[in-house]
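Welcome! Please take a moment to look over the sequence and the structure below, and then we will walk through some of its charged pairs and one of its sheets together.

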Amino acid sequence: MVGYKIIDTRNLRFESSFLKLCLLWQKNIEIARRPTLFFQNFQQNSSLRQTNQCRTYSFNFINPKMEKPDGSKYVNITEGRATVLYEDENQVFYNPVQQFNRDLSTCAIRAWSTEFMENKSSGKRNERRKRKRESQKQVDLAESESHTESDNIDLTNSPIESTASESKSRQPFITILEALSATGLRAIRYGLEIPYIKRVVANDFSPAAVNAINRNIAFNDGASKVVVASQGDANSVMYTHKTQPFHCIDLDPYGTAAPFLDSAVQSICDGGLLLVTCTDLSILAGTGYPEKCFSNYGGMTCRTEFSHEAALRLVLGAISSAAGRYGKSIEPLLSLSIDFYVRLFVRVRNSPATVKLLAHNTMITYTCSGCGSTTTQRMGKSTLNESQNIYKHTFAQGPTVSPQCEHCGFVHHIGGPMWAGPLHNKSFIENILCMADSLDKDIYKTVPRIKGMLTLANEELDVPFYFTAGHVSSVLHCTCPPMTIMTSALLNAGYKVSATHASPGAIKTDAPWSVIWDVLREWIKKNPVKLENIKENAPGRKILQKREPSFEVDFTSHPEANPPSRKFKIIRYPQNPPNWGPKAKAKGDQPYHNDKIQGPGALNKNHRDNIESKKLRHE
């Protein structure tokens, strides 16, 4: 064919996957009618690039021409503006409990796109002002030389340029990659519900999933204009788009997202939004697999009650570490612990100067194995010189604790390294909350929960971790004080308190643990405990040996003891829905069994004998 170049697959790293892709598409379309799928027009598209003995390929993902399928043959599942055709067998993964995740993600991308366009337009305005000043200087120079009236013409054409720029900014521009798409429901919702969408790539490695994605794209009117299907390894797809990065990348795997973080931060544009889900909370928030947590996220989990917030900070630490290798910094916009998973919305910027703050925004924790008190230790120290507006980066001093806990004498457990910076961006949360008021409740059915959880997140203090009155009371074997009494005592002492979205009844505060134990000692004076019921070497007995608090504790009710979210009629901590846990992993395509394989992956003897007996009966 004249004008087209055949893609050379001899040096393709994922040759087998590419050939499978070719065979799959060959079944659905005629290659003669769709040559652009396997060929590249070297007059219009970019050609092959040779870099470090590895070839980078640019694919044009094109949906096959499919007739709209008959929905009566499938189970129709409608969510948002999209409808997917779901088969009875668990061949493609779908979890209806995560509708909250998808509704929130759609709102978050819409809020991010508004900020992105505002920053982009403000940058263009600054460039126009700069060009206008330079053009005016040229006009003034020409006036001084010629002193003619013709030189007084304004050469900037700023009104026309501004109008053209604004109209161009309203054109669709957002490109989104859903790296692990399964049914394509999330990608189709993005394409139908988010404005300014240019292209949404729904990728999956499973041919069965890709067939389902194409079927669902054809079934939803208007989806084929912006949503395209792709079959391939998620990492290879992202690595091939390093030079053509996406605006948003959504990682929602079954389990950990750690294997995809390195490729994701490289294939996202400056100021882009990275959406990450991790469902392996048994590793992130549990205590049974510390070695697995360290190998996946580069940090140790915390053996304490705030493990769900520690899970958020561990994932953020892994993302920031992966981004920092390539001169990119992260800004957490929203970090939530939801049901059985964590969901993070992170802005990624190309900012080598901000990357220097990474050590300052990374910490380790010392958690007492007896009373549970926690102390943090930053990995680096960054001091701002206000006169020069620059940071000075030095080594941090430590350790911040003694070998034994100062309160009960027990040893410490080390957690981290993990993210030490803020978990949320308040203005970003407020933008989503303002948007939620105008959403159609029939389309976004989880709006009440979105309002409740984001309101709590917006109230959270920007300090690490939290505690519960029930836990500290169990350490001292005393009656549990009401939450308002506990928060009033801390507020009257001059400290700040807030609730947290991660745990009902938990308290976040900037008060040190010595103050918390002093409040409990004063509470015990009014509600005595029997020391004979506390073991001699128990941590609570050693804490109570110091009978007098170091300050005057005031339990008078404080006006800010109740968080503002209690005054609103919102669902702060909703009950879990039926079957709310993680769903079983999809079967996907049936694996290829080879009875000649030896080792852990080999078929057992009984299974091999059954296969041979079936062959004999067939013969």
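## A network of charges

Which residues are linked in a network of salt bridges? They are Glu 79, Arg 102, Asp 103, Arg 189 and Glu 193. Here a salt bridge is a side-chain nitrogen of Lys or Arg within 4 Å of a carboxyl oxygen of Asp or Glu. Searching the whole structure turns up 20 salt bridges.

Before going further, a word on the model: it is predicted, so local features need pLDDT of at least 70 and side-chain atom pairs count only at pLDDT 80 or more, while totals for chains, interfaces and linings use all residues. Residues are numbered from 1 along each chain as its sequence is written, and side-chain values use heavy atoms, leaving out hydrogens and water.

## Inside the network

Let us start with Arg 102 and Glu 79, whose salt bridge brings the closest N and O atoms to 2.5 Å apart. This pair links distant parts of the chain, 23 residues apart: Arg 102 belongs to helix H2 (residues 99–146) and Glu 79 to strand S5 (residues 75–79). Helices (H or I, at least four residues) and strands (E, at least two) are DSSP runs, numbered from the N terminus. Arg 102 is buried, with a relative accessible area of 7%, and Glu 79 is buried too, at 1%. Buried means under 20% relative accessible area, with exposed over 50% and partly exposed in between (1.4 Å probe, protein chains only).

Glu 193 and Arg 189 form another salt bridge, at 2.9 Å from N to O. These two residues are separated by about one helical turn, because they lie 4 residues apart in helix H4 (residues 185–193). Both Glu 193 and Arg 189 are buried.

## A link across the chain

Next, look for Lys 508 and Glu 309, which form a salt bridge with their closest N and O atoms 3.4 Å apart. Lys 508 sits in strand S21 (residues 506–509) and Glu 309 in helix H10 (residues 307–324), so to find both partners you must cross 199 residues of chain. Lys 508 is buried, with a relative accessible area of 1%, and Glu 309 is buried at 3%.

## The sheet around S21

Strand S21 also takes part in an open sheet of 3 strands, in the order S19-S21-S20 with antiparallel pairing. Strands S19 (467–468) and S20 (497–498) stand at the edges with a single partner strand each, so one side of each has no neighbour in the sheet.

Two strands pair if DSSP finds at least two bridges between them. S19 and S21 pair in the antiparallel sense over 2 bridges, and Phe 467 stands opposite Ile 507 in S21.
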